[in-house]
Amino acid sequence: CTLVVAKVVAEKQSEGHIFSVSDLYYVISNVCWESKLGFPFLGYSAFCFSHYLTRMSSITGIDIFSEVRKYRSSSDAVKADNYAVLISVEESIMKKKGIKRESITPVNYFFAIMTLLNQERRNIAVYDTFLLSFILVALFAQTVLPSVSTTVKRSKSTDTIKVLLQLSEIHKKSLEGSAIRSLITSLTMILSSLETTKRDWSEENVVKAFALLLGYCVHDSGKIRHHVQDELLKLFEIHHEAHFPETTQQVVTYLSKLNESFAKDNSKAISYFLALIRKVCQYLDSSFDESLLKLLLQVNRSEFLRLDPSAQDDYIDTNCLKPIELIVTHSSSLDLSIIRQTFDQLVESPVDSSATVSDLAAYVHTLTTTTHRLIEEKDTNVEHSVITLWKCFITLMKSEKPEISTEIAPLLATFMTSLKPALCKWSEDTVKALLEQSKSLLVKPQKSQVLNACLVMSAVIQACGPAKPEQLTEMAQEIMRTYDRFKG
């Protein structure tokens, strides 16, 4: 009995129904009564309850277009048009179904709007084709699709995707921001309703629809890019739960094609697409971790960026480095050789000192994460790697820009403290090299860098002290001398 009630309630809630106590009393009492007649009769209870809810929608239901109805007398032309089109849609439903306005369900709206979008000659003749189409799409995306069940969306997915693709192609030169965002939402919600099977996602229009969404990720408009990223994030969360790799494969392929044609005229497109990867990276299928990591490394060391740093967007490195960090941290399938390659390449081609503070912080995070992974995997060359890395970090700390040392000093202090267990096992030469490099922070520092230098030195002493206690007194004295020079 409980399963029957739960099933019907869930289906009706997904269609936008709000339940009253009398609704639930009706179904529970009927299901319990009919259960005495045997299990086969429970289906009849569900059927009765479903029709009861439809009949009672004027009393207990929810008007999904209540907000649009407020536009009846609006002086805003767009809002007024939305209201007029809604009324026309409702009149067509009432005429066809022979029902009152208050009895119209979200499913009725779904099929009516689909019919209008599919017609070559629209019934609402006062509007031009473009305006009418995208008022309908806006109503469809913002109100109808969230109010109908996955089953309803899936049942008409083929027709819906086909119609939306046709609209985007016919009006692609006329599409503006709000229309594109409505189109993106509609396509993503329909795609999210599909079963996660290779057969469904290999269908021609499904492939085209997903490619269209990926294309919007490199659109010139920031609003459109952010919107499609947010919508695709929801889709990838679903596919991550289902362990479905097809969409991840298409993302990797798209980035690969962008990278193959890397040139001045598409550097922004790569930056924009990396922003999507950064956002959805944790939900991409892990079977592509290695191929995606190699691709990100290629993008990061692109000859174009190395030869012309001025052409680099402020955030390309951050967007590229963050996914690298996530993959190295969480992927259990990476071979030690690819982790080593990641470390070596990042150290060989570091972020330029003219990069933004956020870029440098991402660079430090990525390298420290990769170093910890090398330690975990017992890389035989990790001690030498840490010495090389620390030298690179000390160089960044001594930058003429005080905001850089302020940003990365806490990161370096945390990293050095985390190395303490390993340093106790490493060679005396490794510890000595790290101490010597660190001392350079106290050689003629700028006043604004002193406290940051002391923060890092404190962590170095805590980490290296147990291994080299004889040097602690000398270093402590040097720190105090430096502090005394600047304390005023």
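Biologist: What share of the contacts in the protein chain between residues at least 6 apart in sequence join residues at least 24 apart?

Modeller: The share is 73%. Contact here means heavy atoms within 4.5 Å. This is a predicted model, in which local features need pLDDT of at least 70 and side-chain atom pairs count only at pLDDT 80 or more, while totals for chains, interfaces and linings use all residues. Residues are numbered from 1 along each chain as its sequence is written, and side-chain values use heavy atoms, with hydrogens and water left out.

Biologist: How many helices and strands does the protein chain have?

Modeller: There are 27 helices and zero strands. Both are DSSP runs numbered from the N terminus: helices are H or I with at least four residues, strands are E with at least two.

Biologist: Why is helix H15 called roughly parallel to H17?

Modeller: Helix H15 (residues 246-260) and helix H17 (residues 289-300) pack at about 25°, their axes 11 Å apart. Axes are lines fitted to C-alpha atoms, for helices over the stretch in contact, and angles run from 0 to 180 degrees between N-to-C directions. Angles under 35 degrees count as roughly parallel, over 145 as roughly antiparallel, 65 to 115 as roughly perpendicular and the rest as oblique. H15 is therefore roughly parallel to H17.

Biologist: Which residues make that contact, and what kinds are they?

Modeller: H15 supplies Val252, Leu255, Ser256 and Asn259, and H17 supplies Ser291, Leu292, Leu295, Leu296, Gln298 and Val299. They divide into six nonpolar, four polar and no charged. Ala, Val, Leu, Ile, Met, Phe, Trp, Tyr, Cys and Pro count as nonpolar, Asp, Glu, Lys and Arg as charged, and the others, Gly among them, as polar.

Biologist: Why is Thr366 called buried?

Modeller: The relative accessible area of Thr366 is 0%, so Thr366 counts as buried. Thr366 sits in helix H21 (residues 357-376). Setting aside residues up to four places away in sequence, Thr366 touches Leu321, Ile324, Glu325 and Leu346.

Biologist: What makes Ala459 buried?

Modeller: Ala459 has a value of 4%, so Ala459 is buried. Ala459 belongs to helix H26 (residues 450-464). Beyond neighbours within four places in sequence, Ala459 is in contact with Ala413, Met416 and Thr417. Ala459 and Pro410 are 49 residues apart in sequence and 9.5 Å apart in space, C-alpha to C-alpha.

Biologist: What percentage of the 488 residues in the protein chain is buried?

Modeller: Buried residues make up 49% of them.

Technical notes:
Buried means under 20% relative accessible area, exposed over 50%, partly exposed in between (1.4 Å probe, protein chains only).
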